[in-house]
Amino acid sequence: MSNVLSKKFTFWSLLKFTLPTIIMMVFMSMYTMVDGIFVSRLIGTSALSAVNIVYPVINVVLAVGIMLATGGSAVIAKKMGESRNVEAKENFSLVVCVGVVAGAVITLVGFLFADPLLRFLGANDAVYQYCYDYMTTLLPFVVPSILQMLFQYFFVTAGKPTLGLLATLIGGCTNIVLDYVFIAPLDMGVAGAALATGIGYAIPGIFGLFYFLWNKKGTLYFLKPKFDSKVLLRSCTNGASEMVTNLAIAVTTLLFNLVMMERLGEDGVAAITVVLYAQFLLSAVYLGYSSGVAPVVSYNYGDKDTVQLKKVFKISLQFLIAASLVTFVIALLSSDLIVSIFTLSGSPVFDLAVHGFDLFAISYLFMGINIFASAFFTALSNGKISALISFLRTFVLLVVCILLLPYLIGIDGIWLSVPIAEAAALFISIHWLRKKHTEYGYA
């Protein structure tokens, strides 16, 4: 069967191929925002703060899922490019099985250590019950959420990005409807928000499971998995950068929460939560494009088609530079509107968030290339450079900025932490893209 990844892409055909993944990421970000909107508007900003306090736990789940998804899809797409199709299917089956086991372990650990974990994350007496209800309701859905993450990437690898988009749209719409039903008429509080989110994760996860079990005519489907420690290690190390990114987000979210709680109390935590929700939406185009184009890069690298690899790389830079400028302008023009969706205009949280958002928006000028550079090296099966870029960008540089800037320039230093870290990381991304272009033949 002909593989769509072997197509000779132009700018518009590549954009068309990645568009379902971009839309999927944007939509996922939007329904994540809707969670926050319902919680903030129907329960209160203290509950919104609690959701953000629990978010590092969700980041750990995402870290495991995205590590296996990105690393595994790069290995599998490369083997498909080398016409090793049976091996690719066996490796795909193995990666999914490992994801299920990892999810089950996280669920168990979460229930056993719920109380000390929440205290460590910064839950004080005022928000502890909100945090506990949200986390313990979401924990049973860890396995489906990892499956959702895996199948998002593997639908693209299988040349079926539209199916992944469809499943995510159904799950997202269900989540939005159930958010209202569980929180408003049924008065389930933050537990209702968590239950709606969990069901939203489960729908695309279950859909993907059945599709890859029954569709034996596609380019990718389940076979009996063969344990291969080398493939598993390669998938994990190759996807390490994406894992590092999500673990780093967990740590930096914790630091943001602690610094804001210390300086501005619950209003500060609620304000940073609003800005981070907006970041999910506005960075989704970068994430969606980078995820959508990665299997094309891996396939052409495996096929040794350097002509097509050069074209894909050039198109990607053109698209991301344009998208960065557009996103920056949108962020500046819509800050009042976005913040007003979460909290009433004129409230302390509103004023804090709008001011912070205007400063935070500078980061969108640099973020796109950094996200792409990390994903690009993952697609080329160079997990070391990818992880290095991610580790420096999302952890080292950002932690230094969060800890240092507030003492140098006050509260504005918190809001400028991400822009300054992203700007510094851009130099690192450009350095490695220039240094490795002859080795891989992409420029």
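Helices (H or I, at least four residues) and strands (E, at least two) are DSSP runs, numbered from the N terminus. The structure is a predicted model, in which local features need pLDDT of at least 70 and side-chain atom pairs count only at pLDDT 80 or more, while totals for chains, interfaces and linings use all residues. Residues are numbered from 1 along each chain as its sequence is written, and side-chain values use heavy atoms, with hydrogens and water left out.

**The nonpolar core**

- A nonpolar core is a set of buried Ala, Val, Leu, Ile, Met, Phe, Trp, Tyr and Cys residues joined through side-chain atoms within 4.5 Å, where buried means under 20% relative accessible area, exposed over 50% and partly exposed in between (1.4 Å probe, protein chains only).
- The largest such core has 132 residues, and those with the most contacts inside it are F92, Y134, L150, F212, Y364, F377 and Y442.
- Helix α2, which spans residues 45-81, gives the most to this core, with 18 residues.

- A69 lies in helix α2 and is buried, because its relative accessible area is 0%.
- Leaving aside neighbours within four places in sequence, A69 is in contact with M149, L150, Y153 and F154.
- Q152 lies in helix α6 and counts as buried, because its relative accessibility is 5%.
- With residues up to four places away in sequence not counted, Q152 touches M24, M25, M28 and T168.

**Aromatic rings**

- Rings of Phe, Tyr and Trp (its six-membered ring) pair if their centres lie within 6.5 Å, and planes under 30 degrees apart count as stacked, over 60 as edge-to-face and the rest as tilted.
- The structure holds 27 aromatic pairs; in one of them, the rings of F92 and F154 have centres 4.9 Å apart and planes at 75°, so this pair is edge-to-face.
- This pair links distant parts of the chain, since F92 is in helix α3 (residues 85-112) and F154 is in helix α6 (residues 142-157), 62 residues apart.
- F92 counts as buried because its relative accessibility is 0%, and F154 also counts as buried, at 0%.
- One aromatic cluster is formed by F92, F151, F154, F155, F207, Y211, F212 and F222.

Methods:
Contact = heavy atoms within 4.5 Å.
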